Amino acid sequence: MTLGDLLILYGAAGLASASVAYRTSPERGRSAISSAALDALLWPLWLPVALSARRRPAPRANTGDATRAAIWEAHEAVLGSPLEPLLPREAALRILGDVERAAVRYQELVGLLAQPHFSLAAAEARLEQLSREGASARGLAPARLHLENVRQLEELRRRDEQTLLELSELSTALRTQLVLARYSGGAPTDAGDIVSEVWARVEVLGSTLQPPLGSAQYPAHAPDQAHPAG
Amino acid sequence: MNARVLGLLDELLRSPRSVAERVQRPDDLRPLVASSLLALLAGAGTFGAVLATARGGVQIGYSALKLPLAIVATLCLCVPAFTAIARALGRRLELSAMVGLSLSAAARASLVLLAFAPAVWFALDRGLGYHGSVVLSTLCYGVSGLSALRVMASGLGRDARGVAILACCAAVMLPTGAQSAWMLRPFIGRPAQAEVPFLRHKESSFADAVYTSSRSSVGLYSRRTRSYAESEP
């Protein structure tokens, strides 16, 4: 195989890679074209990078459905049994309401932060640009405030995501624990601890929630009233 | 050149550890790779051009093009192997992250070469001979390679596993890089040469040249040796 043959093969692979990079680019326009052009020349190095942008993990679509299903099934598992005070109906309904509101808010935050006006990178770039152009402190202040607000929104989204994820895991464990206790007839040794953990996470969600007026689908109770296990 | 690129280049030189963390974040990878490519083209290209000033003429343009090309070609061939080595030895690194890490390391080396360029130019201008230029450029490559090693070590870890991965990667990269550069020579060019070729004819490999030069150094010459001895970096 001659050098010419190798160059033809390299070029053909480069064109194919450029096409893949363009099609899979998350954006269109100049950015996608420059990415494809770079890929045609340097596909062994640029293609994995271009594809990694596409593989960027999408924010987890946590709707809280699985968590609520697990909580309700856990409640049904103890219904009419001596274990019912561990997760009474009022407490279960309170958790369901809080989880639902938190999941709705999380989805709203995800949608909001996907918009260009709420892009963290764009806010940082804008501040950099203004600094470079020699804007005064007064001129920079709004851009700084915007950046700080976007950062806080991102932080809220992260916290909600993490808490909902932990709640999901805990409610799954609680369900199996209570179902096991019901069928084995024994006392659930760890169920009380898990219920406490669930309440702690619900309190975290509640601390950042502002429930809209009239949105209380489920009757709200104070945690100490609704949580007999402590 | 925007402030973000300059910031990334500054980070490349000052903080290899944060560069190594950056390659793990897909959002940061594209700008880092693009800035690294830019640094590689500018740094290695300038150093290549400076090396060719002793010969002058079209050799300057050729070397400015060929030195970055040699580095990029070496990375294209080696990065998949680096990823395989890292994974085989238990370090989970995506191919894209390894591309980012290797390119950042090469960019750092290129920026160090760029820093050496004025001194090398001065030495060549003061009449440093052909063989002296070869030795001087080899020293510069060595120092820049050591600076690149810091980025790779930060990304692969400084424990025994990281050192083992680094050693295996070096065992792949050194012969591949040497052969790539050998195929793309000349970079300096002999002043007495009438014509300047973009590439020399394919006549041997880097390993052959090392073997022949070793024999020549102890006074063992052969007909084959003659042609290799005339070869130039």
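In chain B, 73% of the contacts between residues at least 6 apart in sequence join residues at least 24 apart, two residues being in contact if their C-beta atoms, placed from the backbone, lie within 7 Å. The model is predicted: local features need pLDDT of at least 70, side-chain atom pairs count only at pLDDT 80 or more, and totals for chains, interfaces and linings use all residues. Residues are numbered from 1 along each chain as its sequence is written, and chains are lettered from A in the order in which they are written.

Chain B contains 9 helices and 0 strands; helices (H or I, at least four residues) and strands (E, at least two) are DSSP runs, numbered from the N terminus. Of its 233 residues, 39% are buried. A residue is buried if 20 or more other C-beta atoms lie within 10 Å of its own, exposed if 12 or fewer, and partly exposed in between, with C-beta atoms placed from the backbone.

Helix 1 of chain B covers residues 3-14. Leu8(B), Leu9(B) and Leu12(B) are buried in this helix. Seen down the helix axis, the buried residues fall within an arc of 100 degrees (taken from the directions from the axis to the C-beta atoms), so they line one face of helix 1. The face turned away from the buried side carries the exposed residues Ala3(B), Leu6(B), Asp10(B) and Arg14(B). The cover over the buried residues includes helix 2 (16-22), helix 3 (26-51) and helix 5 (95-125) of chain B.

Between the chains, 10 residues of chain A are in contact with 16 residues of chain B. Helix 2 of chain A gives the most to its side of this contact, with 7 residues.

Notes
Expected span 1.5 Å × (residues − 1).
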